[in-house]
Amino acid sequence: MSAMAIVWQFVEVALAIALAPLFTGWIAQCRAWMQNRSAPPLTQPYRMLRKLFHKEAVLAEDASLLFRAAPYVLFGAMALAAAIIPSIVTDLPFARAADAIALIGLFATARVCQSLAAMDLGTAFGTMGARREMMIGFLAEPAILMVFFNAFLLFGTTTLTGVVDGSAAHPSLIDPGAIFAAIGFVMVLLAENARIPIDNPATHLELTMIHEAMVLEYSARHLALIEWASSLKLFNYATIGIALFLPWGIATHGASVGAVFLALAALLVKLAACGAVLALIESLSAKLRLFRAPEFLAMAFLIAVLGLLVHLLMGANACA
Amino acid sequence: MNFDPANESPDERLEVLPSNLCCRRIQAGAVAWHEIARRLRAEQALLLALWGADDRDRDGRYRVYAAFLGRNEILVLAHAMDATAHPTYPSLAEFFPAAVRMERAVFDLVGLRSTHPDHRGWLRHSGWPEDWFPLRRDSDAAAQFPVAPEPYAFVQVEGDGVHEIPVGPVHAGIIEPGNFRFSIVGEKVLRLEERLGYKHKGIEKRFEALAVREGHRLAARLSGDSAVAFSWAWCAALEAATGAVIPPRAAHLRALALEHERIANHLGDLGALGNDAGFAFGLTHFSRCKEDLLRLNRSVFGARYLMDFVAPGGVARDLPPQALQQLFDFYATLEKNVAELRAIYENHAGVQDRFRTTGTLATATAQSLGAVGLAARASGIRQDLRVTHPWPPYSEIEIDAVVEDAGDVAARADLRFEEIFASLRFCRALLAQLAAGATQAEVPDAEPGLLALGVIEGWRGPVLIALETAPHGGIRRCHAHDPSWQNWPLLEHAILGNIVPDFPLINKSFNLSYSGQDG
């Protein structure tokens, strides 16, 4: 493990934390353009965070330690996840400690923590949101695992850095199964990040909320951390998607500083494209009835399994 | 219904009431009050309004009035009670379920108790004591009371896995206050109970301090989205009471404004329905259409939301010279835009999946609950005063009747689309034969002590103003009735069996007025 690798590790996490609100702002801007509205500035999420950090935190009288600790746990979990995902370099010392399955566990930890905190105060909306979040979560996890298995089978590793290194070593390898996996992944991404068609981050209708219902009782710095963690989660999902399906340009082991800067430029271009596509999907679709969400996620799971089948069948052909 | 005076008991006396529609009053004793209501129910009459009045200074009695919409006319039942400590009258709730809340409000305001067992306050939210009644003649409008919060007994639903979600009166978005208590199992709604009255402003008491010639301005502000309907109903009552005849051009311009109000509200609702289904594109585009209409309103009628355009004796101003061409051009553009947006809504699988079979109100339920207006028409009931009881200019220029049968959110959305097109056709026909001449007529002084009714089909349903004149151009009593009174209870039935997250969409598809019902 070189000293340089440790530096890149920190740079990468810092970059994720700094860029996450920008990515959210970019999606909001694309959405506004596609709906013929005048768009908020790109920096709007940062202004929101600054505003929230300047406010006085108000806590319910019955709030326990869990309620107060949850925003920090959430933010910590998402920052940790960013350390495992190779967004610009694959030489990440941290990634050796945890593979992609541990990454799903990390997201699950954050989810459980947030749901418990939402139920902590005993308000009707918090409980309702937590209930719905757990329903979405337990359906989304198997689907994302299936997506990962597609890549794992292809490169014989369970780490994301391994997958990126593998695809860099075989740039001509195009697996048709990956197309299925990518579709499944985008569906899970929408569900997991409270986007339309599963949830609407812009809604003010408390009865329809999932993610928003859980954070209704938070204010000031707590809310800021939760919002930031949500941006970071979306950023993480986007970088996972890029690592799995569009890994070109990510600097591999022993790359020069110039290659890393090139990787950063590539990342920004890819994120901009991903954000625009996400905004397009969100603008074109209406929100699903809550009870269609299981069908939606079951479909994501099925598509990922199809990818796996295609991969296995092709593999069998290649051997024969 | 036909009343033959020879067959009536001595306390049933029929007299014609001044109104813009054919309207008669029957003075009824307690037995006749109940009996006539039963017969009206059997004839499928609709309850339009129910209100109380304190006439102790005149003849030592209290009165309760009920206005019904019959097949050919409006019938007002008046029942007088002696001024005892606890004046009581028979409840009409067994025939007209919507009467329950109106009877509770009559007690809160005038202190007349119906025989219905539900004695919870409706409009009184601990803002004044239970034994003080603001609309009695001896109650001081300026009186102040300390607010002492009182509990409100919502109906409890018990059973395995049943729990309650209290929603409101303060909501996450900026909307009017209303308290909704859901009893649910999982996500399924077993029961919804509404509590309204948070926006009670004491408008009916305020009327009594105004001159009869300026009352239309307050009436327009009872529910801001129905400004034309309320101010026209007010002016119609006043003009009927004084015998004033408005010039034909003024009637035409009032109808034009009423249809503009309808179109603007329908456009806003259609956008909001798209937004509540998570389809923000719809909101943006319908909002733009609505904004264009509001700007046109401003240049043609002088007010975006048409406040104070309708005035006693006619309208506040004539159309500017270039208005006709402007209006025709706008109608053509709007019709094209709305047709395009309708195609987008109807071909969007996601939106249709949210709209169809959501919040279904069956025709039979709507009928037994006495639904009125837009909500009734979306459930297959042909209730539209402009068609069934037309007044000028609707009696000379016909408007197409629109009825949908399904009773779900999609039906209420479709009805709005169809009504926009029907209103545009009507506006064009009206402009093509727009009468020339004056837009204002002289309104003579009103004779004191007259009761007059103004009933106008607003965009939500029939709006009613019952106006009683006082000496020296004053107002003795004014009851302003929004159709939301009858339609709020429909929502409690439309939500049954649906899931909690669909409630905002269902609520928006009715889009009832909080301010109008709270008064």
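Predicted model: local features only at pLDDT ≥ 70, side-chain atom pairs only at ≥ 80, totals over all residues.
Student: What makes chain A as compact as a globular protein of its length?

Tutor: Let's set one value against another. The radius of gyration of chain A is 20 Å, and the globule rule gives 20 Å for 320 residues, so chain A is as compact as a globular protein of that length. As for its make-up, chain A has eleven helices and zero strands. Its C-alpha atoms fill a box of roughly 65 × 45 × 40 Å along the principal axes.

Student: How many of its residues count as buried?

Tutor: In chain A, 48% of the 320 residues count as buried. Contacts tell you something too: among those between residues at least 6 apart in sequence, 81% join residues at least 24 apart.

Student: How do you know what span is expected for helix α1 of chain A?

Tutor: Good one! Helix α1(A) covers residues 3-34, which makes 32 residues, and at 1.5 Å a residue the expected span is 46 Å. From first C-alpha to last, α1(A) reaches 45 Å, close to that expectation.

Student: Where is the kink in α1(A)?

Tutor: The kink lies at A:Leu19, shortly before the proline A:Pro21, and comes to about 35 degrees. The bend is the angle between axes fitted to the seven residues ending at a residue and the seven starting there. After α1(A) comes A:Asn36, with a positive phi near 60 degrees.

Student: Why is B:Leu306 called buried?

Tutor: Count its neighbours. The cut-off for buried is 20 or more other C-beta atoms within 10 Å. B:Leu306 has 27 C-beta neighbours inside 10 Å, so B:Leu306 counts as buried. You will find B:Leu306 in the loop between α8 and β11 (310-311) of chain B. Its phi is positive, about 60 degrees, although B:Leu306 is not a glycine.

Student: What makes B:Asn511 buried?

Tutor: Use the cut-off of 20 again. B:Asn511 has 21 C-beta neighbours inside 10 Å, and therefore B:Asn511 counts as buried. B:Asn511 sits in the loop between α16 and α17 (514-518) of chain B, and its phi, near 40 degrees, is positive in a residue other than glycine.

Student: Which omega value goes with the cis peptide bond from B:Gly168 to B:Pro169?

Tutor: Omega is near 5 degrees there, and the bond is cis. B:Pro169 belongs to the loop between β8 and β9 (179-185) of chain B. Another cis bond runs from B:Pro392 to B:Pro393, with omega near 5 degrees; B:Pro393 is in the loop between α13 (385-388) and α14 (409-432) of chain B.

Student: How many residues of chain B are in contact with chain A?

Tutor: The contact joins 25 residues of chain B to 22 residues of chain A. The largest share of the chain B side, four residues, comes from α10(B). By class, that side has 14 nonpolar, six polar and five charged residues.

Student: Which domains does the assignment give for chain B?

Tutor: It gives domain 1 (5-114) and domain 2 (225-474), with 29 Å between their centres, taken over C-alpha atoms. Their contact takes 19 residues from domain 1 of chain B and 18 residues from domain 2 of chain B. On the domain 1 side, β3(B) gives the most, with five residues. The residues of that side divide into 17 nonpolar, two polar and no charged.

Technical notes: Residues numbered from 1 in each chain as written. Chains lettered and ligands numbered in written order. Helix = DSSP H or I, 4+ residues; strand = E, 2+ residues; numbered from the N terminus. Rg over C-alpha atoms; globule rule 2.2 N^0.38 Å. Buried ≥ 20, exposed ≤ 12 C-beta atoms within 10 Å, placed from the backbone. Contact = placed C-beta atoms within 7 Å. Domains from an automatic or database assignment. Nonpolar A, V, L, I, M, F, W, Y, C, P; charged D, E, K, R; others polar. Expected span 1.5 Å × (residues − 1).
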